[in-house]
Amino acid sequence: MKKSIKVSAILTLCLALLANSTIFACTGIRLIAEDGTVRYGRSMEWGSFDINSQVAFIPKGFQFRGLTPEGQNGKQFSAKYGFMGLDWMGKDLIVDGMNEMGLAIGNFYFPDFAEYPEFVSQEADNTISSQGLPNYILAQFATVEEVKEGLQKVNVVGVIEESLGIVVDSHWMVTDASGESIVIEYINGELKIYDASVGVITNAPSYDWHLTNLRNYINLSFETAKPKTINGNTFSQIGVGSGMVGLPGDMTPPSRFVRAVAWTQTTRPMENADESLYEMFRILDNFNLTLSADRAEGTGEMFGKDHSTMRSATIWTTSWDLTNLVFNYHTQDNRRVQQINMSEIDFSNMGDQIVRIPLDIERTQDILDRTPHLK
C-alpha cells in the first residue's frame, strides 16, 4: 500500500510539472533531390495563442534599424536583397523566410541554452536583437559562407520581446541554394556556428549534443531485420518496420531530431523538385501536434491560453525551394498546399514598404467535392 501511494504521488507531481511546462516542438529539415533541387522546410508549433502569421514581402533597399535593450538605436542597414517570409504578431520580424538569392533561414526556440553576449551601449550602432537576426541575414547575405563571415562582424544581443514579455531564446538553421546548411547558436555569450551536414534542427539542447546523441541510433535502418536462430528456434520479424525498432516516438526535441534524421536519410528517390515537395510534407506532417494533448511551444502558464482562433498547435508548415525560388505551405485551417513563385516578384520595383498577404484567403478547409451525379 505504501509503495502504491508513493508511485501515485510521483505520477501526480510529474503531471503537475508537465502542465506548467513548455514542450518545444518545431522541426526543420533539408532535402536535396537527384536533379540538385534544394529544399528547406519546417513546422511551426505554438500552443498558447495564434501568432497570426502573414506572408511578408520586403523590397530591395528597405531600411532597417536594429533593436537594442535601449530601444530602436541599433544597427542601420538596408536590404541588399529582396526577401519574403512569414512574420508573427503583426511585427516586421521574419521567423521563416528566403531571399531572392535562394538563402533561407528558420528561427527555432532554444530555451535555457541560449545566452547572448552582453549589450555594450557604446556599440549600439553595430547591434541587433536576436529576434531581428533573420531579417539581417536575409537582407545582407547570399550564401552560407557569407553568413559565417558576416556574423563575426555584428553584435547580437537579447532584447525583451514586448508581445511575450521575455527575451526570446533562439537558434537558427540557414541553408543556401548549394545545399549547404549551418546552425547558429549563442551559448555562454559566444557565437557558435555548426556545419549542419545532416540537415535537421529541432530545439534544445545544443546542436553538437544532438549529433552526439545520434550515435545511440546508428543501428536504425529501413531494411528488414534478418531472422535469428537460437538453439534451433528461428525468430523472424512479426511485421514490417523491424529495422526501425528503437526509433524514439515521443515529441521531445532529442527524439524528434533522431526521427527527422532517420526519415530524411531514408527517403524514396526524389527525381526533381516536384517529388521532393511530396517528401517534404510527408515527413513534416509526422510532427503535427494537436492543441493541449501533446502541447507545443508557448504552452503553460507563462503565456496563458487563447485557442479561440486555433485548430492546431501546428500553426503552419513550410517548404522553400531554394533552387527555383518557390514557396509552398499549408496551415492549421487549410491543408491544401498553397504556392508563391518568388521569381515572379520584382523586389526592386515594389515600392519602399513591406507588403503583406494573409496565409489563407479564407480560414477554412478547401475541399474539392467529387461526388458523382449518378442516375
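**Strands, pocket and core**

Student: Which strand does E19 pair with in the antiparallel sense over 6 bridges?
Tutor: Strand E20 (residues 326–331). Two strands pair if DSSP finds at least two bridges between them. Helices (H or I, at least four residues) and strands (E, at least two) are DSSP runs, numbered from the N terminus. This is a predicted model: local features need pLDDT of at least 70, side-chain atom pairs count only at pLDDT 80 or more, and totals for chains, interfaces and linings use all residues. Residues count from 1 along each chain as its sequence is written, and side-chain values use heavy atoms, without hydrogens and water.

Student: What stands opposite Ser 319?
Tutor: Asn 328 in E20.

Student: And which residue in that hairpin has a positive phi?
Tutor: Leu 325, near 60°. The hairpin has 4 residues between the strands.

Student: How many bridges join E2 to E19?
Tutor: 7, and E2 (residues 38–45) and E19 run antiparallel. Ser 43 of the chain stands opposite Thr 317 in E19.

Student: Why is E19 largely enclosed?
Tutor: Because 8 of the 8 residues of E19 (residues 314–321) are buried. Buried means under 20% relative accessible area, with a 1.4 Å probe and protein chains only.

Student: New topic. What volume does the largest pocket have?
Tutor: About 480 Å³. Of the 23 residues lining it, the closest to its centre are Arg 65, Leu 67, Gln 72, Asp 92 and Leu 93. On a 1 Å grid over the protein atoms alone, a pocket is an open set of points where a 1.4 Å probe fits, with protein on both sides within 12 Å along at least five of seven lines; lining residues have an atom within 4 Å of a point. The volume is the space filled by probe spheres set on the points.

Student: Which strand gives the most to that lining?
Tutor: E4, with 3 residues.

Student: Now the core. Which residues touch the most other members of the largest nonpolar core?
Tutor: Ile 137, Val 147, Val 174 and Ile 184, out of 95 residues. Helix H5 (residues 253–264) brings the largest share, 6 residues. Such a core is a set of buried Ala, Val, Leu, Ile, Met, Phe, Trp, Tyr and Cys residues joined through side-chain atoms within 4.5 Å.

Student: Is helix H2 mostly covered or exposed?
Tutor: Mostly covered: 8 of the 8 residues of H2 (residues 133–140) are buried. Ile 137 is one of them.

Methods:
Buried < 20%, exposed > 50% of the residue type's maximum accessible area, 1.4 Å probe, protein only.
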